Amino acid sequence: MDLLLSPEFWTALLSIVIIDLVLAGDNALVIGMAARNLPAHQQKQAIIWGTVGAIVIRALATLAVVWLLKIPGLLLVGGLILIWIALKLLIQDNGHENMKASGTLGAAIWTIIVADTVMGLDNVIAVAGAAHGDFLLVVIGLIISVPIMVWGSTLILKLIEKYPIVIYIGSAVLAYTAANMVTNEKFLTPFFAAYPWVKWVFIVAVVVGVLLIGRTKSQQQKRLAEQS
């Protein structure tokens, strides 16, 4: 009960839900493209069972990463990877041109599971970092966000397209989570404990740096696209 009343618990849970929803755009595209050639009555089945399979694999992978991040040094590595993911979210246009639609229900379900598993690495690392080793947070975060991702995937995509600031919010949450992971690394903890102001300067610098670099790179890509 004390855990549920903890501000840290609710902050971490909110971070996980935001991460899941912001990174759900790719998953929504995978689901839609894999099932688009199926008869209408099978599309819903493909979406439901494909998503269930993908979520089971993702939950197991996330729990494994949560455990792995307890190994000395891996929080630092995971944090650095997550900083790259936060930047990628802002500057990289993830193409799905090679994503093929499936003609049978079984093939569509398998395509959704495999594609989501391969593409879900960023989500797994991000959620594991935000959970701070708490398996309960991982499970609750999935329970909250999965129904939204499945039934609201189209809405999420439209929301992101209409309000680009959603991507920046998600990227900021990822960057904050990444910086927090680095400062919680065991061999760095004594330093940040001795100089707590350095910890917050570092976190702010990472978040602001990711947003500025991401925005600059994104604008450069747009200019190059317009010129070509």
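1. Start with Ser 218, which sits in helix α11; helices here are DSSP runs of H or I with at least four residues, strands are runs of E with at least two, and both are numbered from the N terminus. Ser 218 counts as buried because its relative accessibility is 14%. The cut-offs are under 20% relative accessible area for buried, over 50% for exposed, and partly exposed in between, with a 1.4 Å probe and protein chains only. Setting aside neighbours within four places in sequence, Ser 218 touches Leu 90 and Ile 91, where contact means heavy atoms within 4.5 Å.

2. A word on what you're looking at. This is a predicted model, so local features need pLDDT of at least 70 and side-chain atom pairs count only at pLDDT 80 or more, while totals for chains, interfaces and linings use all residues. Residues are numbered from 1 along each chain as its sequence is written, and side-chain values use heavy atoms, with hydrogens and water left out.

3. Now the overall build. The chain has eleven helices and zero strands. Of its 228 residues, 44% are buried. Among contacts between residues at least 6 apart in sequence, 85% join residues at least 24 apart. The accessible surface is about 12,500 Å², and carbon and sulfur atoms account for 71% of that; areas come from the Shrake-Rupley method with a 1.4 Å probe, and for residues only the protein chains shown count as cover.

4. What about the inside? The largest nonpolar core holds 39 residues, and Ile 19, Leu 82, Leu 137, Leu 174 and Val 210 have the most contacts within it. Such a core is a set of buried Ala, Val, Leu, Ile, Met, Phe, Trp, Tyr and Cys residues joined through side-chain atoms within 4.5 Å. Helices α1 (7–22), α3, α4, α6 (121–131), α7 (135–151), α9 (165–183) and α11 each put in at least two residues. The largest share, eight residues, is from α9. There is also a second, separate core of five residues, including Ala 46, Ala 108, Ile 109 and Ile 113.

5. Trp 67, Leu 68, Ile 71, Leu 74, Val 77, Ile 81, Trp 84 and Phe 135 make a nonpolar surface patch of about 730 Å². Patch residues have over 30% relative accessible area and no salt bridge, with nonpolar side chains (Val, Leu, Ile, Met, Phe, Trp, Tyr) joined within 5 Å and like charges within 9 Å; a salt bridge is a side-chain nitrogen of Lys or Arg within 4 Å of a carboxyl oxygen of Asp or Glu. Both α3 (40–68) and α4 (74–91) supply at least two of the patch residues, and the largest share, four residues, comes from α4. Trp 84 is in α4 and counts as exposed because its relative accessibility is 52%.

6. Last, the rings. The whole structure has three aromatic pairs: rings of Phe, Tyr and Trp (its six-membered ring) pair if their centres lie within 6.5 Å, with planes under 30 degrees apart called stacked, over 60 edge-to-face, and the rest tilted. Phe 191 and Phe 192 are edge-to-face, at 5.4 Å centre to centre and 70° between the planes. Phe 191 is partly exposed at 42%, whereas Phe 192 is buried at 10%. The Phe 192 and Phe 202 centres are 6.2 Å apart with planes at 40°, so that pair is tilted. Phe 192 lies in α10 (residues 189–194) and Phe 202 in α11 (residues 196–227), so the pair ties together parts ten residues apart in sequence. Ring pairs link Phe 191, Phe 192, Tyr 195 and Phe 202 into a cluster.
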